[in-house]
Amino acid sequence: MDTRDVLAISSGRVMASTYDRGDLSFIIIAGGMVFFMVPGLAFLYSGLSRRKSALSLIWAVAASNAVVIFQWYFWGYSLAFSSSATNGYIGNLRNFGLMHVLDDPSPGSPLIPEILYSFFQMEFACVTAGILMGGLAERGRVFPAMVFTFCWMTIVYCPLACWIWSTHGWAFKWGVLDFAGGGPVEIGSGVAGLAYSWVLGRRNERELLNFRPHNVSQVGLGTFMLWFGWIGFNGGSAFGANLRAIFAIWNTMIAAAFGGIVWCLLDFRFERRWSMVGCCSGTIAGLVAATPSSGFLKPWSSVIVGILAGGLCNFATKVKFLLRIDDALDLFAEHAVGGVVGLMLNAFFASSTIIKMDGVSNNIAGGWVDHNWKLLYMQFAYVMATCFYTFFMTALVAKTLDMIPGLRLRSTPEGEMVGMDEVEIGEFATDYIELRRDVADCSTFGFSRADMFKPSDTTSEERPAHETAPNGNGAAPPTATDVPERLETITEKPENGRPTAS
């Protein structure tokens, strides 16, 4: 993502109408791989949540993708990358509706045209919004979240992208190193997720007891889909089929592997089990830390990146308990802390040797390994500015929308109890023929004996999901007939072939 040499490249280097087809093909494929991260996030979040809210997170990630595509086409790209803006904070509307976005060399690299660059950057924005949707987990309404997504992209993400990737951005001109989005993507989504969770409030304490993922297989599937997409995410950020892209891919693989190993070891010391969720969490932490650093570091440095990311992100999962913010899917610990790790390690290990391997970034200094001592405080200042701006503006946008009639961000307590899938979506990730609503209404080995086959159980009229529980969308509250008059007798484990009543 380094473009400090773009303006210095002679016009004969790459003509607007003649680009290397290998570079073009590589970035098109890399963009498609980044898009594949969106369903990966959906499966990851669905598996990490309870069954009763699993589909709502898939819907939120998928719908946010559509909202961001519209926003990016409408004015998002222009606000982030318009070349005529000079304030260093946010772009103007010169490229509104992708006007004037044609075959000129892109703001990110002279190796590809601007129209391809705008597509690739759009996929980054889609992934960022998808990560942020994890803040809705088990209590957030999906329609207000889509309105929030459009506003957040405009007010928060576009300025963050402008700061570091636009040729006029203040962080870009200052010399901050952020390869593929440690600031806009990782800190942006992680800190924003924490702020959104804070505005939503904590779930009911009953919902916090014994919380565990409902489908670890989906967690694993989502993680490996993300890992595959991340190869395009980081490799494509070299904007060409060049040696720097290969180093970025190698660093991505190394950091992810060591992150997963370290997280697993840290969990094993307490649980004495090799947690699959822990393996996936550590892998993602390593991938996150590689995002800002993979295009700057030699491979040996990424071993340190992966180890520190796996360890620090693991410990950071405890921060939400100290802050009493219900960050259900650990967006802050995984993405914000991982992004900070990668950005800060750039100050120590960024190497100009790796940076020059794209063939165009020839005047960018590395970090301490290149005796560029001042980069440490520059990276730190950038991290602080990104964190504070993101949290404050996200909380402000969320609070403002929450006060607008019809856009209340959180569902009702009754809706949270029955699950977001029923009250918001009306469908289920894993549907089944329901004999009892609560697991407490039947035993492990059989159903309660009392009135097991009452006619009312088999002839009750099915009702649409929106009539079952209030959700803030105008659904009617449950009637007295919706509440069971008593709990039936629960049978315990059969002994000698005969059930015993509790």
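This is a guided tour of a predicted model, stop by stop.

**Before you start**

Residues are numbered from 1 along each chain as its sequence is written, and side-chain values use heavy atoms, with hydrogens and water left out. Because the model is predicted, local features need pLDDT of at least 70 and side-chain atom pairs count only at pLDDT 80 or more, while totals for chains, interfaces and linings use all residues.

**Whole chain**

Show the protein chain as a cartoon. It holds 19 helices and 0 strands. Both are DSSP runs, numbered from the N terminus: helices are H or I with at least four residues, strands are E with at least two. Of the 502 residues, 55% count as buried. Buried means under 20% relative accessible area, exposed means over 50%, and partly exposed lies in between (1.4 Å probe, protein chains only). Now consider contacts, meaning heavy atoms within 4.5 Å. Among those between residues at least 6 apart in sequence, 78% join residues at least 24 apart.

**Stop 1: helix α2**

Select residues 37–48. This is α2, with 12 residues. From first C-alpha to last it reaches 16 Å, close to the 16 Å expected at 1.5 Å a residue. The expected span is 1.5 Å times one less than the number of residues.

Is α2 mostly covered or mostly exposed? Mostly covered: 10 of its 12 residues are buried. Among them are Met37, Leu41, Leu44, Tyr45 and Leu48. Gly40 and Gly47 are buried too. The buried residues of α2 pack against α1 (21–35), α3 (54–81), α4 (114–132), α9 (216–235), α11 (276–293) and α14 (331–349).

**Stop 2: α1 against α4**

Keep α1 and α4 and hide the rest. Their axes are 9 Å apart, and the helices pack at about 20°. Axes are lines fitted to C-alpha atoms, for helices over the stretch in contact, and angles run from 0 to 180 degrees between N-to-C directions. α1 and α4 are therefore roughly parallel. Angles under 35 degrees count as roughly parallel, over 145 as roughly antiparallel, 65 to 115 as roughly perpendicular, and the rest as oblique.

The crossing of α1 and α4 is left-handed. That label applies if the near helix is turned anticlockwise from the far one by less than a right angle; clockwise is right-handed. Show side chains at the contact. On α1, pick residues including Leu24, Ile27, Ile28 and Phe35. On α4, pick residues including Phe119, Phe120, Glu123 and Phe124. By class, this contact has 11 nonpolar, 2 polar and 1 charged residues. Ala, Val, Leu, Ile, Met, Phe, Trp, Tyr, Cys and Pro count as nonpolar; Asp, Glu, Lys and Arg count as charged; the others, Gly among them, count as polar.

**Stop 3: α3 against α4**

The axes of α3 and α4 come within 8 Å and cross at roughly 135°. These two helices are therefore oblique to each other. Their crossing is right-handed. The α3 side of the contact includes Val61, Val68, Trp72 and Phe81. The α4 side includes Glu114, Tyr117, Met122 and Cys126. The class count is 11 nonpolar, 5 polar and 1 charged.

Stay on α3 and select Gln71. At 0% relative accessibility, Gln71 counts as buried. Beyond its neighbours within four places in sequence, Gln71 contacts Gly76, Phe150, Met153, Thr154 and Cys158.

**Stop 4: α14 against α16**

Select α14 and α16 (residues 375–402). They pack at about 165°, with axes 8 Å apart. α14 and α16 are therefore roughly antiparallel. The crossing is right-handed. Contact residues include Leu343, Met344 and Phe348 of α14, and Leu376, Phe380 and Tyr382 of α16. By class, there are 10 nonpolar, 2 polar and no charged residues.

**Stop 5: Cys264**

Jump to Cys264, in α10 (residues 243–271). At 12% relative accessibility, Cys264 counts as buried. Leaving out residues up to four places away, Cys264 touches Trp274, Ser275, Gly278 and Cys279.

**Stop 6: two positive phi values**

Which loop holds His100? The one between α3 and α4. His100 has a positive phi of about 65°, though it is not a glycine. It is partly exposed, at 45% relative accessible area.

Finish at Arg324, in the loop between α13 (319–323) and α14. Its phi is near 55°, again a positive value in a residue other than glycine. Arg324 is exposed, with a relative accessible area of 53%.
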